Amino acid sequence: MLQEGKIYIGTSRKPDDSINKGEYLELKFGNRHGLITGATGTGKTVTLQILAEGFSNAGVPVFCADVKGDLSGIGAMGESKDFLLKRAEQIGLEPYDFQEFPVIFWDLYGEKGHRVRTTISEMGPLLLSRLMNASDAQEGVLNIAFKIADEGGLPLLDLKDMRALLNYMGENAGELSNQFGFISKASVGSIQRELLILEQQGAEHFFGEPALKITDIMRTTNDGRGAISVLAADKLMMNPRLYATFLLWLLSELFEELPEVGDPDKPKLVFFFDEAHLLFNDAPKVLVERVEQVVRLIRSKGVGVYFVTQNPLDVPEAVLAQLGNRVQHALRAYSPREQKAVKTAADTFRPNPDFNCADVITNLGTGEALVSTLEGKGSPSIVERTLVRPPASRLGPLTEAERQHVISLSPVRGLYDEDFDRESAYEMLAKRAAKAAEQAETAQRAEERASEETSGGGRWTLPGFGDDAAEAPSGKRARTRSSGYQRETIVEAAMKSVARTVATQVGRALVRGILGSLKR
């Protein structure tokens with residue numbers, strides 16, 4: 001059943017339920033993306049698990065999210081169970097060997113894996129706007145904020161840096177609006193409130209340093225297997241927008257950092273996007289268009305993206321059209337939307353004359369799926385009703401002790417576990433303001449001394465020769481002095497100094513990619 005250059009998915013059956021043939025995913029088409037769909041409890045997670053195992057054994061690193069907590073078992077040896085052995089016998093899998101796989105556990109909260117962080121600068125305005133569910137006006141202000149930070153050399157690493165920059169923008173909205181476009185103080189205030197909500201939801205764990213290096217999720221072991229990076233997402237799913245934004249940021253980083261490789265013999269990385277509907281729910285049109293663009297172009301970087309979701313309607317048509325490898329588990333058809341989903345799923349397959357796809361989709365058993373993958377010159381294979389193979393690793397979660405043991409042996413142990421807070425926008429703006437205030441205070445003292453010296457009585461004068469103000473009545477003299485230059489307050493001088501510094505550093509501007517992340 002196991003063939004070189006292919007991943008064994010399962011065995012298809014003939015109409016009389018006899019064995020037909022093995023169903024495979026060819027590695028050379030692994031970067032053509034894929035879709036795994038099906039109702040809850042139909043076996044999507046197991047399909048994800050056996051595909052991750054296959055890619056790992058082929059030397060391809062894998063990144064996936066463990067939404068329910070049971071995918072962690074991929075890091076432990078499989079266990080002999082009756083229903084697994086029965087499935088192996090049904091599909092003719094000989095020998096059925098158990099295996100454990102090289103796993104790196106990650107967790108935004110640092111509880112069930114290594115900490116995962118990025119900086120606000122690296123995330124960019126588009127994804128941050130999505131995370132905050134920002135309005136158009138708020139998104140415009142955020143774009144200006146990133147423009148100021150990029151041009152002014154102000155690193156935005158964490159939430160306090162963003163707050164400091166927004167405070168500065170609010171206090172100098174008038175002057176900055178002349179340079180960068182209208183800045184509404186109301187929008188600035190609403191963004192600050194959204195930042196507070198993000199902080200309360202745990203987003204402060206995500207922003208900071210050291211930031212995740214893409215190379216650390218693209219590791220291979222000494223024996224040539226690809227490491228499987230598993231993101232603990234059971235707690236993260238309580239904030240679904242943070243979950244979706246993080247995975248989209250990671251996809252964006254892969255796109256921006258990896259070089260073009262064309263169509264390699266096997267992918268450089270396979271990325272499983274579980275609960276994919278969270279990415280597109282209520283997403284603005286511009287974001288969906290850019291995701292489509294990234295999915296279309298990232299194939300040439302050697303990255304395969306596999307969306308895992310309950311309903312094929314969860315994925316926009318423009319993205320769905322890019323997904324060549326399909327595994328469709330059972331769908332229910334109780335409501336009009338579900339009936340439409342069944343029809344949509346059936347219509348996307350290359351028809352099989354032996355059965356009607358729409359009828360079969362609603363009658364598939366657990367661990368059974370309709371499978372169609374790319375073959376030959378890249379055309380989809382005829383859809384086959386397939387029994388998915390049992391996994392070689394454990395079906396079920398690791399114990400806490402087992403998880404900690406895997407973490408202790410991790411190749412990235414110690415690299416991300418401690419926070420590092422270097423000088424960034426918060427400290428830099430504070431220093432600039434303090435320096436400007438000190439200069440303003442020095443200038444004020446110098447002016448006061450000069451004023452005292454000028455007002456001294458030791459000079460000789462002639463009437464009508466330049467000292468009329470001294471002879472004028474006290475009220476008039478006071479009015480004459482008050483009509484001259486008005487000295488700035490310390491705060492005004494400090495803010496204007498920062499504004500000039502920011503405005504003159506255009507040469508330090510950074511370049512951002514399709515999804516707004518930094519290009520290196």
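Visitor: Which strands does helix H15 lie across, and at about what angle does it run to S5?
Guide: This is a predicted model. Helix H15 covers residues 400-408. It lies across strand S4 (62-66), S5 and S6, and its angle to S5 is about 105°.

Visitor: In what order do the 12 strands of the open sheet stand, and which are the edge strands?
Guide: The pairing in this open sheet is mixed, and the order is S2-S1-S14-S11-S10-S3-S9-S8-S4-S7-S5-S6. An edge strand here pairs on one side only. That applies to strand S2 (19-26) and strand S6 (114-115).

Visitor: Which residue of S7 stands opposite Phe 105?
Guide: Strand S5 (residues 103-107) and strand S7 (residues 228-232) run parallel and are joined by four bridges. Within this pair, Trp 106 stands opposite Leu 231. The residue opposite Phe 105 is Val 230.

Visitor: What is the bridge partner of Asp 107 in S6?
Guide: S5 and S6 also run parallel, with two bridges joining them. S6 is one of the edge strands. The partner of Asp 107 there is Arg 115.

Visitor: How many residues of S5 are buried, and which lie on each side?
Guide: In a regular strand, side chains alternate between the two faces of the sheet. Five of the five residues of S5 are buried, so the strand is largely enclosed by the rest of the structure. Both faces are covered: one side has Val 103, Phe 105 and Asp 107, and the other has Ile 104 and Trp 106.

Visitor: Is Ile 148 buried or exposed?
Guide: Ile 148 lies in helix H5 (residues 136-152). Its C-alpha atom is separated by 8.3 Å from that of Phe 180, 32 residues apart along the chain. The cut-off for burial is under 20% relative accessible area. Because Ile 148 has 0% relative accessibility, it counts as buried.

Visitor: Which element gives the largest share of the lining of the largest pocket?
Guide: The largest pocket holds about 590 Å³ of space. The elements that give two or more residues to its lining are helix H1 (44-57), S4, H2 and strand S9 (303-309). The largest share, six residues, comes from H1.

Visitor: Which residues lie nearest the centre of the largest pocket?
Guide: The lining has 33 residues. By class, 12 are nonpolar, 13 polar and eight charged. Those nearest the centre are Thr 42, Gly 43, Lys 44, Thr 45 and Val 46.

Visitor: At about what angle does helix H2 run to S14?
Guide: Helix H2 (residues 82-91) is among the elements that line the largest pocket. It lies across strand S1 (6-13), S2 and strand S14 (384-388). Its angle to S14 is about 140°.

Note on methods. Residues numbered from 1 in each chain as written. Predicted model: local features only at pLDDT ≥ 70, side-chain atom pairs only at ≥ 80, totals over all residues. Heavy atoms only, no water. Pairing = 2+ DSSP bridges. Contact = heavy atoms within 4.5 Å. Axes fitted to C-alpha atoms, helices over the stretch in contact; angles between N-to-C directions. 1 Å grid on protein atoms, 1.4 Å probe; cavity = no way out; pocket = protein on both sides within 12 Å on 5 of 7 lines; lining within 4 Å. Points joined across faces, edges and corners; volume = space filled by probe spheres on them. Nonpolar A, V, L, I, M, F, W, Y, C, P; charged D, E, K, R; others polar. Buried < 20%, exposed > 50% of the residue type's maximum accessible area, 1.4 Å probe, protein only.
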